[in-house]
Amino acid sequence: MTSNNSAPSTAASASAEGPGLTLYGGEGTGRRVTVRDLARAKRAGERWPMLTAYDAMIASVFDDAGIPVLLVGDSAGNNHLGYENTVPVTLDQLVMLTGAVVRGTKRALVVADLPFGSYQESPEQALRSGVRLLKEAGAGAVKLEGGQRSARQVEALVAAGVPVMAHLGLTPQSVHAFGGYRVQGRDAESAEQLIADAKTMQAAGAFAVVLECVPEELAARVTDLLEIPTVGIGAGVRCDAQVLVWTDMAGMTTGHTAKFVKQYVDLRAALGDAAKAFAGEVVGGVYPGPEHTFH
Ligand code: KIV
């Protein structure tokens, strides 16, 4: 497997701020995207895409496509490991999956989720977990859920040199507390709380904030208020960046998908058809043909 770093090559936008790279569609620089590039993009008003990835092969596809940030989300729980939700995912599992994604990529900034139970206890626990994701797996940053309740954890990580992406709105690790997956920040009080949480995350040193399942108007307010980028998922088009779970956008997910999901390809049908074609040829004695046979 190779990753040839062949992001679509359009004219790179020259930055008045010196060395920086266009996050998507610029010329290759031969180096990984960093959190500084994301800060520059916010100042330049440049939007960028983020996708999840859970293994080296898929990560290399997205890296070659020029996706600048890949998230090894704990959504691996439902999309890769066969769990019902993200809660059972362990730090050991994310260290393993993140290592694979890092090995499959050359350019993308790889952000790894801190799974449920790996940071809530204390800033010290968060730091131990974050250090594992950087040191053992090679991640460039970590992501954790929660606003003010996670502020001390963010401060401890950032102080130790671990870049942190915060996750607000619908935070799936709290699915049992929420009683399901629903849009957050719809009333004035919870909207103000979300704004306060976003400001707290920025003040604590987070380099970006994911906003999941919040009304577009609220996400736009947060995006305008913050100096760090917002990454929307079900948060409307006004965010600085957008993220989708790769299995959703590629049509691999079965059953109900959220309103915000757009399916860009029906990979499930394509793979199913390929498997059936292979099976038919095996049963019919057509495969392997002479061109696939040694003599
Ligand atoms: O785990 C994940 O995939 C996420 C995204 C939905 C942002 O947190």
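## Overall build

Helices (H or I, at least four residues) and strands (E, at least two) are DSSP runs here, numbered from the N terminus. By that count, the protein holds eleven helices and eight strands. Please keep in mind that this is a predicted model, in which local features need pLDDT of at least 70 and side-chain atom pairs count only at pLDDT 80 or more, while totals for chains, interfaces and linings use all residues. Residues are numbered from 1 along each chain as its sequence is written, and side-chain values use heavy atoms, with hydrogens and water left out.

The C-alpha trace spans about 70 × 50 × 35 Å along its principal axes. The radius of gyration, taken over C-alpha atoms, can be set beside a globule rule of 2.2 Å times the number of residues to the power 0.38. For 295 residues, a compact globule would come out near 19 Å, and the 20 Å of the protein agrees with that.

## Surface, core and charge

Let's turn to burial, where buried means under 20% relative accessible area, exposed over 50%, and partly exposed in between (1.4 Å probe, protein chains only). Of the 295 residues, 50% are buried. The accessible surface, from the Shrake-Rupley method with a 1.4 Å probe, is about 14200 Å², and carbon and sulfur atoms own 56% of it.

A contact means heavy atoms within 4.5 Å. Taking contacts between residues at least 6 apart in sequence, 57% join residues at least 24 apart. As for charge, Lys and Arg count as positive and Asp and Glu as negative, with His and the chain ends not counted. Each charge is placed at NZ of Lys, CZ of Arg, CG of Asp or CD of Glu. There are 25 positive and 31 negative side chains, and the centres of the two sets lie 3 Å apart.

## Aromatic pairs

Rings of Phe, Tyr and Trp (its six-membered ring) pair if their centres lie within 6.5 Å; planes under 30 degrees apart count as stacked, over 60 as edge-to-face and the rest as tilted. This rule gives two aromatic pairs. In one of them, Phe62 and Trp246 have ring centres 6.0 Å apart and planes at 65°, so the pair is edge-to-face. Phe62 sits in helix H2 (residues 56–64) and Trp246 in helix H10 (residues 246–249), so the pair ties together parts 184 residues apart in sequence. Both residues are buried.

Phe278 and Tyr287 also form an edge-to-face pair, with ring centres 5.9 Å apart and planes at 65°. Tyr287 is partly exposed, at 36% relative accessibility. Tyr287 is also joined to Pro288 by a cis peptide bond, with omega about 0°, and Pro288 lies in the segment after helix H11 (267–283).

## Cys213 and helix H9

Cys213 is worth a look: its phi is positive, about 50°, although it is not a glycine. Cys213 is in the loop between strand E6 (208–212) and helix H9 (216–225), and is buried at 11% relative accessible area.

Within H9, Leu218, Ala219, Ala220, Val222 and Thr223 are buried. The buried residues of H9 pack against helix H1 (35–44), helix H8 (188–204), E6 and strand E7 (230–233).

## The loop at Arg47

Arg47 lies in the loop between H1 and strand E1 (48–52) and is exposed, with 56% relative accessibility. Leaving aside residues up to four places away in sequence, Arg47 touches Val237, Cys239 and Asp240. Its C-alpha atom is separated by 15 Å from that of Phe207, 160 residues apart along the chain.
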